[in-house]
Amino acid sequence: MMLESQAISYVPETIETPRMPGRPRHELPAQACDTHCHVFGPYDRFPLQHASSYAAPDAPAERYLTMLDTLGAQRGVLVQPAPYGTNPAALLDALARGQGRLRGAAVADASVSDTELQKMADAGVRALRFVEARDPAGRLFPGSIGFEQVAALAPRMKQFGLHAQLWGPSDVYERHLPSLVRLGLPLVIDHMGSLAPARGYADTVFQLLRAQLAEGTIWMKLSVCRVGAAPDYADVKALHDAFVAANPDQVLWGSDWPYVRMGENAPAADALIDLAWDWLETDVLRQKVWVDNPAHLYGF
């Protein structure tokens, strides 16, 4: 892993205060988990390693924990954002502040040492994140580690109990997922595979993801705010329900707070919880999605 603590750091000139939630109308079950959030800063202690392509949020661990408490979520999973590259310092600090209620998805490349992987695992890291989003010239976004590096890391990820968290435009899954599944590594798909709801069930990417989920080779994060149309996300409900029906034991819920790149269009996390509550319909499913499934995957 590149020693990015020694790299040129970047302190944003301006930072954006993220939207904070109110209390949901529905009370989450005990030990509920929000499986997809990010922390940023404080920037005087944890400067970025790459200039961000979006407004840098003022989202340190303390604000994040306040957000979780407001939602009534006792547990959370933090995902390392691309501007921090492979430097996990901000993530590890937040995990320590969580005092056992948090887990993490860090970022590393094939040069990471066993000592570094062990340190991260001991701190509560349970995944490495891989991002296949590219600019028009075909370059990965700064700080991202692409899907092609999963295979090189897979044996040691298994050794340290880490799964792979994957995010990219929907079409990349058709190209990469068949080979990734053969690695025998747990795979978690972010943001419902970035599907285009207008394509519906006929979308070959949706069919692939649903089939792999049904077979138990992938897990799916039911994060709707970057997939469907606000405020009711009705266009994505059928896809959401199909994933839940395919394998209710391997679906997860994540708010995606602090909603980078969304600005004034950022949703309220409490409204997303109330929406998910209605969509899941039964207490059995709510218990699985918010409590049992994340406890199993992240080792709470």
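User: Does Thr66 count as buried, partly exposed or exposed, and at what relative accessibility?
Analyst: Keep in mind that this is a predicted model. Thr66 sits in helix α1. Buried means under 20% relative accessible area and exposed means over 50%. Thr66 falls in between, so it counts as partly exposed, at 43%.

User: How many Å apart in space are Thr66 and Met20, C-alpha to C-alpha?
Analyst: Along the sequence, Thr66 and Met20 are 46 residues apart. In space, their C-alpha to C-alpha separation is 8.9 Å.

User: How compact is the chain when you put its radius of gyration beside the globule rule?
Analyst: The chain has nine helices and eight strands. For 300 residues the globule rule gives 19 Å, and the radius of gyration is close to that, so the chain is as compact as a globular protein of that length. The radius of gyration itself comes to 18 Å.

User: What share of contacts between residues at least 6 apart in sequence join residues at least 24 apart?
Analyst: For context, the C-alpha trace spans about 50 × 40 × 35 Å along its principal axes, and buried residues make up 58% of the chain. As for those contacts, the share joining residues at least 24 apart is 75%.

User: Are α6 and α7 roughly parallel or roughly antiparallel to each other?
Analyst: Take α6 as residues 204-215 and α7 as residues 237-246; their axes come within 8 Å and cross at roughly 25 degrees. Angles under 35 degrees count as roughly parallel. The two helices are therefore roughly parallel.

User: By class, which residues make up the contact of α6 with α7?
Analyst: On the α6 side you'll find Phe206, Leu209, Arg210, Leu213 and Ala214. They meet Leu239, Ala242, Phe243 and Ala246 of α7. Sorted by class, that gives no polar residues, one charged and eight nonpolar.

User: How many residues of α8 are buried?
Analyst: Helix α8 runs over residues 269-280 and reaches 16 Å from its first C-alpha to its last. Among its buried residues are Asp270, Asp274, Trp277 and Trp279, and what covers the buried set includes α1, α7 and α9. Helix α8 is mostly covered, the buried count being 10 of its 12 residues.

User: Is His191 buried or exposed?
Analyst: His191 is in the loop between β6 and α6. Skipping neighbours within four places in sequence, its contacts include His36, Trp167, Lys221 and Asp256. With a relative accessibility of 5%, His191 counts as buried.

User: What is the relative accessible area of Tyr233?
Analyst: Tyr233 is in the loop between β7 and α7. Its phi is near 55 degrees, a positive value in a residue other than glycine. Tyr233 is buried, with a relative accessible area of 3%.

User: Where is Arg261 found?
Analyst: Arg261 has a positive phi too, near 70 degrees. You'll find Arg261 in the loop between β8 and α8.

How values were computed
Residues are numbered from 1 along each chain as its sequence is written. This is a predicted model: local features need pLDDT of at least 70, side-chain atom pairs count only at pLDDT 80 or more; totals for chains, interfaces and linings use all residues. Side-chain values use heavy atoms; hydrogens and water are left out. Axes are lines fitted to C-alpha atoms, for helices over the stretch in contact, and angles run from 0 to 180 degrees between N-to-C directions. Helices (H or I, at least four residues) and strands (E, at least two) are DSSP runs, numbered from the N terminus. Angles under 35 degrees count as roughly parallel, over 145 as roughly antiparallel, 65 to 115 as roughly perpendicular and the rest as oblique. Contact means heavy atoms within 4.5 Å. Ala, Val, Leu, Ile, Met, Phe, Trp, Tyr, Cys and Pro count as nonpolar, Asp, Glu, Lys and Arg as charged, and the others, Gly among them, as polar. The expected span of a helix is 1.5 Å times one less than its number of residues. Buried means under 20% relative accessible area, exposed over 50%, partly exposed in between (1.4 Å probe, protein chains only). The radius of gyration is taken over C-alpha atoms; the globule rule is 2.2 Å times the number of residues to the power 0.38.
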